[in-house]
Amino acid sequence: MARRKKIYEGKAKILYEGPEPGTLVQYFKDDATAFNAEKHDVIEGKGVLNNRLSEFFMSGLNAIGVPTHFIKRINMREQLIRQVEIIPLEVVVRNTAAGSMSKRLGIEEGTPLPRPIVEFYYKDDGLGDPLVTEEHIIAFGWASQQDLDDMVALALRVNDFLSGVMMAVGIKLVDFKIEIGRIWDGDYMRLVVADEISPDSCRLWDIKTGAHLDKDVFRRDLGSLTDAYTEVAKRLGVLPTNVTHPTKPTLIN
Ligand code: C5P
């Protein structure tokens, strides 16, 4: 059997050549990293959960007319996506202060923000993905003013959709990160949501208890990451409620 061609391997995913031109297969690994890959672990089942959750969010966005790269899920760990030209920016939308914004500006975590705040970070692991302004983005040619306006509009539509979906299952969408890509159709270009949307890239807090249901569980050693992601998946109806994820063998003393 011919081996398929690997196009790119990142920290949590691998991209393979797709079955048709302009498509790719996105494979979700079990690797978890944080703090620019200084902290790393393999968490059995994480890739399966993120594949399902990203499918759920992306297909929901497609259904309401917010374009994404997602075509269909292929199996437990893989999905078929459109090939895009990734814009080298991480687009973060924040509804509540947390994480790096709280640190940078000294705002207590959990403080509601007066309106959603959109931030851009330049994707460069060597530099630790620094926060950049629109001036930097335009001056260095990472995106045009038109692209930026479209990216903000896209990010805010994603925020409205995700906030509503999460609110309906008792979860607060604190913040999230998306990546955006270009798809060319002859001379015509459009922007689509790319990469993944999962608890790896969102901050999700249980509305009643404040419990973290996202990658902060791993970053801050707050317990089982798969339990947290499984809880999100169950509430969204992505997993039947009686399914438990595979656990590692446990030593009994
Ligand atoms: O760390 P920070 O507070 O800036 O993260 C904001 C949001 O973006 C969080 O939901 C985090 O999970 C996400 N993020 C990400 N990938 C990064 C940096 C942040 O998914 N490289």
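**Stop 1**

Select Phe-35, which at 48% relative accessibility counts as partly exposed; buried means under 20% relative accessible area, exposed over 50%, and partly exposed in between, with a 1.4 Å probe and protein chains only. This is a predicted model, in which local features need pLDDT of at least 70, side-chain atom pairs count only at pLDDT 80 or more, and totals for chains, interfaces and linings use all residues. Residues are numbered from 1 along each chain as its sequence is written, and side-chain values use heavy atoms, with hydrogens and water left out.

Phe-35 sits in the loop between strand E4 (31-34) and strand E5 (39-42). Helices (H or I, at least four residues) and strands (E, at least two) are DSSP runs, numbered from the N terminus. The phi of Phe-35 is near 50 degrees, a positive value in a residue other than glycine. Most residues other than glycine have a negative phi.

Next, select Asp-129, in the loop between strand E10 (112-122) and strand E11 (131-132). Asp-129 is not a glycine either, and its phi is positive, near 45 degrees.

**Stop 1: the annotated span**

Select residues 6-235. Residues 6-235 are 30% helix and 36% strand, and the end C-alpha atoms of the span lie 34 Å apart.

**Stop 2: helix H1 against helix H4**

Show helix H1 (residues 46-63) and helix H4 (residues 145-167) together. At what angle do H1 and H4 pack? The angle is about 120 degrees, and the axes are 11 Å apart. Axes are lines fitted to C-alpha atoms, for helices over the stretch in contact, and angles run from 0 to 180 degrees between N-to-C directions. H1 and H4 are therefore oblique to each other; angles under 35 degrees count as roughly parallel, over 145 as roughly antiparallel, 65 to 115 as roughly perpendicular and the rest as oblique.

The crossing of H1 and H4 is right-handed. A crossing is left-handed if the near helix is turned anticlockwise from the far one by less than a right angle, and right-handed if clockwise.

Now display the side chains where the two helices meet. From H1, pick Phe-56, Phe-57, Gly-60 and Leu-61; their partners in H4 are Val-158, Phe-161, Leu-162, Val-165 and Met-166. Contact means heavy atoms within 4.5 Å. The residues of this contact divide into 8 nonpolar, 1 polar and no charged. Ala, Val, Leu, Ile, Met, Phe, Trp, Tyr, Cys and Pro count as nonpolar, Asp, Glu, Lys and Arg as charged, and the others, Gly among them, as polar.

**Stop 3: helix H1 against helix H6**

The crossing of H1 and H6 is left-handed. On the H1 side, the contact is made by Lys-46, Leu-49, Asn-50 and Leu-53; on the H6 side, by Leu-225, Thr-226, Tyr-229, Thr-230, Val-232 and Ala-233. By class, this contact has 6 nonpolar, 3 polar and 1 charged residues.

The buried residues of H6 are Leu-225, Thr-226, Ala-228, Tyr-229, Thr-230, Val-232 and Ala-233. What covers them includes H1, H4, strand E12 (171-185), E14 and H5.

**Stop 4: the ends of helix H6**

Which loop holds Gly-223? Gly-223 lies between helix H5 (216-219) and helix H6 (225-235). Gly-223 is exposed, with a relative accessible area of 56%.

Move along to Arg-235 in H6, partly exposed at 28% relative accessibility. Leaving aside neighbours within four places in sequence, Arg-235 is in contact with Val-169, Gly-170, Ile-171, Asp-206 and Leu-213. Just after H6, Gly-237 takes a positive phi of about 80 degrees.

**Stop 6**

Select Glu-196, in the loop between strand E13 (188-194) and strand E14 (202-206). Is Glu-196 buried or exposed? At 4% relative accessibility, Glu-196 counts as buried. Not counting residues up to four places away in sequence, Glu-196 touches Lys-13, Phe-28, Asn-50, Ser-54, Met-58, Lys-177 and Ser-201.

Finish on Lys-177, in strand E12, which counts as buried at 16% relative accessibility. Glu-196 and Lys-177 are 19 residues apart in sequence and 9.1 Å apart in space, C-alpha to C-alpha.
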